[in-house]
Amino acid sequence: MHRMRDGEVFRQAIRRGGKGVQPDLVVHVGGPVEPADVTSVGFVVSKKVGPAHDRNLVKRRLRHLMRERIDAVPAGSRVVIRALPGSARRPAAQLAPQLDQALHTASSRVRR
């Protein structure tokens with residue numbers, strides 16, 4: 001799993017990918033640009049989620065959860081996970097099923 005850092009890559013994944021929405025998360029899954037691309041994941045945690053320590057905690061939780069689920073998305077995909085404000089009040093055990101459902105929905109909507 002590689003981290004996305006380029007803003008343009010984030011924008012492409014969001015615009016061209018499938019989307020899965022849950023109460024505390026929005027997941028975008030964009031198809032691979034090249035067949036040999038490595039799956040990459042990016043996180044968007046805005047200041048609406050809370051102060052810096054809350055945002056970092058949410059990002060760490062999501063990164064850990066995504067590491068376990070990287071095989072659930074098509075190989076070479078670009079995944080963007082956007083945390084919504086309620087995610088700061090949820091433990092990982094409550095975020096996990098939301099992430100699973102959002103990944104499933106977004107992956108099934110990817111334009112091939």
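Colleague: How far apart do the centres of the positive and negative side chains lie in the chain?

Modeller: Happy to start there, with the reminder that this is a predicted model. The chain carries 22 positive and 9 negative side chains. Between the centres of these two sets the distance is 7 Å.

Colleague: Thanks! Along the sequence, which pattern does the chain follow?

Modeller: There are three helices and five strands in the chain. Read along the sequence, they give β-α-β-β-β-α-β-α.

Colleague: What radius of gyration does the chain have, and why does it agree with a compact globule?

Modeller: A compact globule of 112 residues would have a radius of gyration near 13 Å, so the chain agrees with that expectation. Its C-alpha trace spans about 40 × 25 × 20 Å along the principal axes. The radius of gyration of the chain is 13 Å.

Colleague: Now the inside: which element gives the largest share of the largest nonpolar core?

Modeller: That core has 23 residues, and Val27, Leu99 and Leu103 are among those with the most contacts inside it. Elements giving two or more residues to it include strand S3 (25-30), helix H2 (52-69) and helix H3 (92-108). The largest share, six residues, comes from H3.

Colleague: And serine 40: is it buried or exposed?

Modeller: Serine 40 sits in strand S4. Leaving aside neighbours within four places in sequence, serine 40 is in contact with His2, Met4, Ser77, Arg78 and Val79. Its relative accessibility is 9%, under the 20% cut-off, so serine 40 counts as buried.

Key. Residues are numbered from 1 along each chain as its sequence is written. This is a predicted model: local features need pLDDT of at least 70, side-chain atom pairs count only at pLDDT 80 or more; totals for chains, interfaces and linings use all residues. Side-chain values use heavy atoms; hydrogens and water are left out. A nonpolar core is a set of buried Ala, Val, Leu, Ile, Met, Phe, Trp, Tyr and Cys residues joined through side-chain atoms within 4.5 Å. Buried means under 20% relative accessible area, exposed over 50%, partly exposed in between (1.4 Å probe, protein chains only). Helices (H or I, at least four residues) and strands (E, at least two) are DSSP runs, numbered from the N terminus. Contact means heavy atoms within 4.5 Å. The radius of gyration is taken over C-alpha atoms; the globule rule is 2.2 Å times the number of residues to the power 0.38. Lys and Arg count as positive and Asp and Glu as negative; His and the chain ends are not counted. The place of a charge is taken as NZ of Lys, CZ of Arg, CG of Asp or CD of Glu.
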